[in-house]
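Hi everyone, and thanks for coming.

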Amino acid sequence: WRGWWRVANTEQLVSFVLITVLTITVMSMLAHATVFGREVANDVTFLRVEGQVLNERTGWFGTFFWIIGAYSLFAAALGILDYMGRLVSDSLKVTYLAASTRWSESALYVAVVWALIAIGGVVLLAGFDQPLALLVISAVVGGFMMFLYSGLLVILNRRVLPRVIGLRGYRLVVMALIFLFFAFFAALTVIDRIRGL
């Protein structure tokens, strides 16, 4: 367990923290160098302007920038579909359909992935096709889910798991602080939406 925990923490430090900080820093510097001071709409069209500026300066890097951006978004979308498909199908099979011979975990996975694709299609057909609006909706829903998720993790670790394997000490305190952080912003969002009505 301790060996695995050490490897898991190192992997998260390298693949999540360091790479995230590095890529955000580089992309922020690139945006500052290309579009700072220009009249750019407050939406994702700044990426088009950024690519055009890069093409003007280098002749090709803007196109490369757009290709890498499209590939990154596509890979992220596929990763989310895969993750959600695996998570939901595993939970359904273990919790509700353990005795079912009709639904294998792989059949559930395919059903969940196609259901998510269908829901995404319905959202787009309903008129929600602006990337910034979809990004804001996604961020709000993600934040609300983290509020619920972190609260459930605190309850799980305090009431359900044996003390020897449950979170203790500063890790439990950090999880409680994360719960409060997301609870604050979830409440703020709900209040803002109610005032908007």
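Leaving aside its neighbours within four places in sequence, which residues is Asn157 in contact with? Counting contact as heavy atoms within 4.5 Å, Asn157 touches Gly166, Leu167 and Leu172. Asn157 itself sits in helix α5. It is buried, with a relative accessible area of 11%; buried means under 20% relative accessible area, exposed over 50%, and partly exposed in between, with a 1.4 Å probe and protein chains only.

A word on where this comes from. This is a predicted model, where local features need pLDDT of at least 70, side-chain atom pairs count only at pLDDT 80 or more, and totals for chains, interfaces and linings use all residues. Residues are numbered from 1 along each chain as its sequence is written, and side-chain values use heavy atoms, leaving out hydrogens and water.

How confident is the predictor? On pLDDT, its confidence in each residue from 0 to 100, the protein averages 86, and 98% of the residues score at least 70. Among the elements, helix α4 (residues 105-125) has the highest mean, 90, while helix α5 (residues 131-160) has the lowest, 80.

Now let's step back to the whole fold. The protein has six helices and zero strands. Both kinds of element are DSSP runs numbered from the N terminus: helices are H or I with at least four residues, strands E with at least two. The domain assignment, which is automatic or from a database, gives domain 1 (61-128) and domain 2 (130-196). Their C-alpha centres lie 22 Å apart.

As for overall shape, the C-alpha trace spans about 60 × 45 × 45 Å along its principal axes. The radius of gyration is 21 Å, whereas a compact globule of 197 residues would have one near 16 Å; this is taken over C-alpha atoms, and the globule rule is 2.2 Å times the number of residues to the power 0.38. Buried residues make up 15% of the 197.

Finally, have a look at Ser89, in helix α3 (residues 61-95). Is Ser89 buried or exposed? It is buried, with a relative accessible area of 1%. A polar atom of the Ser89 side chain lies 2.6 Å from the backbone oxygen of Gly85. Beyond its neighbours within four places in sequence, Ser89 is in contact with Glu105, Leu108 and Tyr109.

Methods:
A polar contact is a pair of N or O atoms within 3.5 Å; within protein, one must be able to donate a hydrogen and the other to accept it, and residues adjacent in sequence count only if both atoms are side-chain atoms. pLDDT is the predictor's confidence in each residue, from 0 to 100.
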